[in-house]
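Thanks for making the time this morning; I would like to walk you through one structure, slowly, and say at each step which cut-off stands behind the words I use. Please have the sequence and the model open while I talk.

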Amino acid sequence: MSVQSKQLIWLGAAALALTAAGFFLEGYSLRLLNLALLNVITVIGLNLAFGYCGIIHLGQAAFVGIGAYVTALATVKLGWPMALSIPAAMIAAGVFALIVSVPLIRLKGHYLALATVGVNVILELIAKNWVEVTNGYNGVTGIPRLTDLIPGMAPEKAFLPMVGFAALLVVWIALRLRHSHLGRAMIAVRDDETAALTIGIDAGRVKVIAFMLSAVMGSLSGTLYAHYTGFISPSDFAVSQSILFLMMLVVGGEAAILGAILGAIALTFLPELLRDLAAGYVAAGGNEKDIIARLLKDGYLVFYGLITLIVLMALPKGLAGLVQHLRNRAALR
Amino acid sequence: LKDRAGITRSYTADGLGNLGNSAAIIKFTPGTKDFTLVRNFEVTPDVTPTTAQAPTAAISQVRPSQLKGALQTIFNGLAIGCIYALLALGFVLVYEATGVVNFAAGQFVVIGAFLGISMIAGLGAVVPGTLLALVAMIGLGVLFFFVVYRPLQQSPVVTVIVGTIAVGIIVQNIGQMIWGPLPQRLPSPFGVAPMSLGGVVVSAHILAVIAITLIVVTSLYVLLYRTVIGARMRAVAQDAEAAKLMGINVAGIYALTWALAGGLAGLGGLLMGPVWFVDSSMGDALALKSFAATIIGGFGSVPGAILGGLIVGLAESLGAAYVSSTYKDALVFLLMVGFLVARPQGLFGEFRGDRG
C-alpha cells in the first residue's frame with residue numbers, strides 16, 4: 001500500500017473517531033476536545049518552523065493572536081462577514097510573518113528564540129494598551145460565532161465537525177509537505193544549513209516559507225478560536241501561551257506530526273485529569289488544603305514543566321517516539 | 001514621609017512608594033521636596049496582580065519637566081539598570097562557560113526575593129535573613145546544575161533551552177503556590193528612607209544597590225582575570241575538552257559557574273525587592289530585559305553586560321518619562337531587536353558567524 005493511501009486511511013479513521021466523540025461526549029469534555037483540536041492546528045504549524053526547519057520559535061501565540069484580533073476587528077468593528085474575516089486573518093498573519101522574518105531569519109539559536117519572544121511581547125503590549133482598537137485588557141466581545149450557522153445545536157457539538165475538518169486538513173497538508181521537495185529542504189536546513197546551501201537549497205527562503213506557513217496555521221487556529229468563543233483577550237496570546245505550545249510539541253515529539261497531535265491533546269486534557277485526581281485525593285481522605293491537593297488542582301503548569309523535563313531527559317523523541325518504539329516491539333513478536 | 005494615618009512610608013523617587021501592605025503614588029514637584037498624593041491604596045489579598053500593577057500607568061502622568069526631573073529620571077534608570085546588569089552578568093557567566101542561556105533566570109530572581117521575605121520573617125532579623133537567602137540561592141544554582149544541566153549536557157542547544165524554560169515554569173508556579181500571586185516588598189538591610197542629594201531623591205538602599213553592583217563587578221573581574229580559579233573558568237569556556245586534559249575539574253567549574261549565576265540572580269532579587277515590587281509573574285519580563293541587556297552589550301562580555309544593563313535601565317526610565325510608560329517595555333525590546341539585526345555581536349561581543 002502506498003504511503004499516500006495509508007495516510008488517507010489514518011485520516012479517515014481520525015474523522016470517524018471525531019464523529020464518534022461528537023456522539024458520545026457532552027458539554028465540557030467536548031469543549032476541551034474542540035480546544036485540543038485548535039491546539040493541534042497551532043502546534044502542527046509550530047512543528048513546521050521548529051520541528052522541521054529548526055527555528056526556535058517562542059512566539060507562536062503572537063500569530064494565533066493576530067488571527068484572533070484581525071478576525072475580531074474585521075467582524076465587530078468593520079462588520080465583515082465570516083467568509084471574509086477568516087481568510088483576512090490568515091493573510092494578515094502571513095504578511096506579518098513575512099515582514100518580521102526578514103530580520104529574524106538571519107538569527108540562530110537562542111538569539112532567534114529571544115527575538116521571537118520580543119515580537120510576541122511587543123504584540124502583547126499593543127493588544128493590552130492600544131485601547132481604541134483592541135479594547136485593551138477587556139478584550140473584544142460579540143464576535144459572530146461559527147456555531148450560529150447551525151441553529152438549534154449545542155455550540156460544542158456544532159463546532160466539532162468544523163474544527164475537526166480544519167485540523168484534519170492541516171494534518172493532511174503537513175503530511176503532504178513532509179515528503180515534498182520543500183519539506184525535505186526544511187529538514188536539510190535544520191540538520192546542516194551549510195550542507196543544504198552547498199547542494200543548492202536557498203536556506204533563507206526555505207526558512208521564511210516555514211515561518212510563514214507556521215504563522216498561517218497559527219492564525220487559522222486563532223480565527224477559529226475567535227469565531228468559536230465569541231470573545232478574545234490579550235492574555236490568550238501571551239508569551240506564556242507560546243511556551244505552552246512549544247511544550248506540547250516537545251512532549252509529543254518534535255519533528256513528528258503524530259507528536260504534535262499527541263502533545264496538543266495530552267497537555268490540553270492534563271489539567272482536567274489532574275483536577276479529577278485532586279477530587280479523588282480529597283475523596284480518599286486527603287486534606288483539601290494541603291500541598292498535594294493544591295498542586296493537583298491549580299498546579300498543572302508545574303506538571304507541564306515536570307513532564308517536559310522528563311521527556312527531554314528520558315524520551316527525547318516524545319510520545320510519538322514512544323508509540324514508534326512500542327510498534328517496533330509489537331512487530332518483533 | 002508620613003501618610004494620612006501617620007505611618008512613615010518610604011517613597012522611591014519615581015513616585016511609587018510602599019510599606020508593608022500599603023502603597024501610594026505621589027507626584028513630586030520637580031526640584032523641590034513638595035509632593036502631592038496622587039493615589040493611596042492598600043495591597044490587600046483580594047487585589048489581583050493586574051489591579052495592583054495598574055498604578056504604574058498613573059506614573060506616566062508624572063512627567064519631569066525640568067533639568068532636575070531629568071536628572072532624577074536618569075538616576076532611577078541607572079539604579080534599576082544596576083539590577084539588570086547583575087542579572088546580565090549571571091547570563092554571561094553561564095553562557096561563556098557552558099554555551100547555554102538560562103531561560104529560568106528571571107524566576108530565580110523572584111524566588112531570591114521571596115526567600116528573602118520568608119527568611120527575614122523566620123529569623124526576625126534583616127541582615128542574617130538576607131544573607132541566608134543569598135546562600136540558599138547559591139545552593140539553588142548548584143542544584144540546577146546537578147538536576148537539570150548535567151543530564152541535558154550532551155543534548156542539542158534547543159533541548160537545553162526548552163529544559164531551562166520548563167524549570168522556569170516549575171519554579172514560578174511553585175513560588176506562586178507558596179508565596180501567592182501578589183506583589184510583595186522586602187525589608188532592606190540598608191534602609192529606604194528618602195533623602196535629597198543635589199536635588200535628586202535617593203535612599204540608602206538605592207545607593208547600596210549601586211555600590212554593591214560596583215563591588216560585585218570588580219570582584220568578578222578579579223576572580224576571572226586575576227585568580228587561578230578564574231583562569232580555569234576561562235579555560236573551560238574556551239575548550240572544555242582541552243581543559244579536562246590539562247587536569248582541570250570541569251564539572252567543578254561548571255558547578256561553580258551555576259552557583260555564581262544563582263547567587264547573582266538571588267542578589268538581584270534581594271536588592272530589587274525593597275524598592276520595586278516583586279511578584280511571581282514578573283520573572284519572564286525581568287529575564288527578557290536582562291537578555292536584552294546582554295544582547296545590547298554583547299553575549300559573553302562582562303563590561304558589555306554592565307553597559308547593556310545600564311542602557312536598558314535608562315531606556316526604560318527615559319522611555320517611560322518622555323515617550324510612553326505603557327510601551328516602555330516595547331521600547332526595550334525594539335532596541336534589542338534593532339541590535340540583533342544591525343549589530344548582533346552587541347557593543348562589546350566579538351563577532352561569531354553562528355550568532356546571526
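This is a predicted model: local features need pLDDT of at least 70, side-chain atom pairs count only at pLDDT 80 or more; totals for chains, interfaces and linings use all residues.

Let me begin with a term: a polar contact is a pair of N or O atoms within 3.5 Å, where within protein one atom must be able to donate a hydrogen and the other to accept it, and where residues adjacent in sequence count only if both atoms are side-chain atoms. With that in mind, please look at His205(B), whose side chain reaches the backbone oxygen of Leu271(B) at 2.7 Å.

Residues are numbered from 1 along each chain as its sequence is written, chains are lettered from A and ligands numbered from 1 in the order in which they are written, and side-chain values use heavy atoms, with hydrogens and water left out.

Back to the histidine. His205(B) sits in helix α7 of chain B, residues 204-226, where helices (H or I, at least four residues) and strands (E, at least two) are DSSP runs numbered from the N terminus. Is His205(B) buried or exposed? His205(B) is buried, with a relative accessible area of 0%; buried means under 20%, exposed means over 50%, and partly exposed is what lies in between, with a 1.4 Å probe and protein chains only. If we set aside neighbours within four places in sequence, His205(B) is in contact with Ser188(B), Phe190(B), Gly191(B), Val192(B), Leu270(B), Leu271(B), Pro274(B) and Val275(B), contact here meaning heavy atoms within 4.5 Å.

Staying in chain B, Leu318(B) lies in helix α12, residues 302-322, and is partly exposed at a relative accessible area of 31%. Leu318(B) touches Thr73(B), Ile74(B) and Val323(B), again without counting residues up to four places away in sequence. The C-alpha atoms of Leu318(B) and Ala105(B), which are 213 residues apart along the chain, are separated by 25 Å.

Now to chain A as a whole. Chain A has 15 helices and zero strands, and its C-alpha trace spans about 65 × 60 × 40 Å along the principal axes. For 333 residues a compact globule would have a radius of gyration near 20 Å, and chain A, at 20 Å, agrees with that; the radius is taken over C-alpha atoms, and the globule rule is 2.2 Å times the number of residues to the power 0.38. Of those 333 residues, 51% count as buried, and of the contacts in chain A with a separation of 6 or more, 77% are accounted for by residues 24 or more positions apart. The accessible surface of chain A comes to about 14800 Å², with 68% of it belonging to carbon and sulfur atoms; such areas come from the Shrake-Rupley method with a 1.4 Å probe, and for residues only the protein chains shown count as cover.

Next, the charged pairs. Glu156(A) is buried at 17%, whereas Arg31(A) is partly exposed at 29%.

Another salt bridge links Lys128(A) and Glu124(A) at 3.0 Å, N to O, and since these residues are four apart in helix α5 of chain A (residues 109-129), about one helical turn separates them.

Finally, the surface. Leu8(A), Phe165(A), Leu169(A), Trp172(A) and Ile173(A) form a nonpolar patch with about 490 Å² of accessible area together. Patches are made of residues with over 30% relative accessible area and no salt bridge, like charges being joined within 9 Å and nonpolar side chains (Val, Leu, Ile, Met, Phe, Trp, Tyr) within 5 Å. Which helix gives the largest share of the nonpolar patch? Helix α7 of chain A, residues 155-178, contributes four residues, and Phe165(A), which lies in that helix, is exposed at 59%.

Methods. A salt bridge is a side-chain nitrogen of Lys or Arg within 4 Å of a carboxyl oxygen of Asp or Glu.
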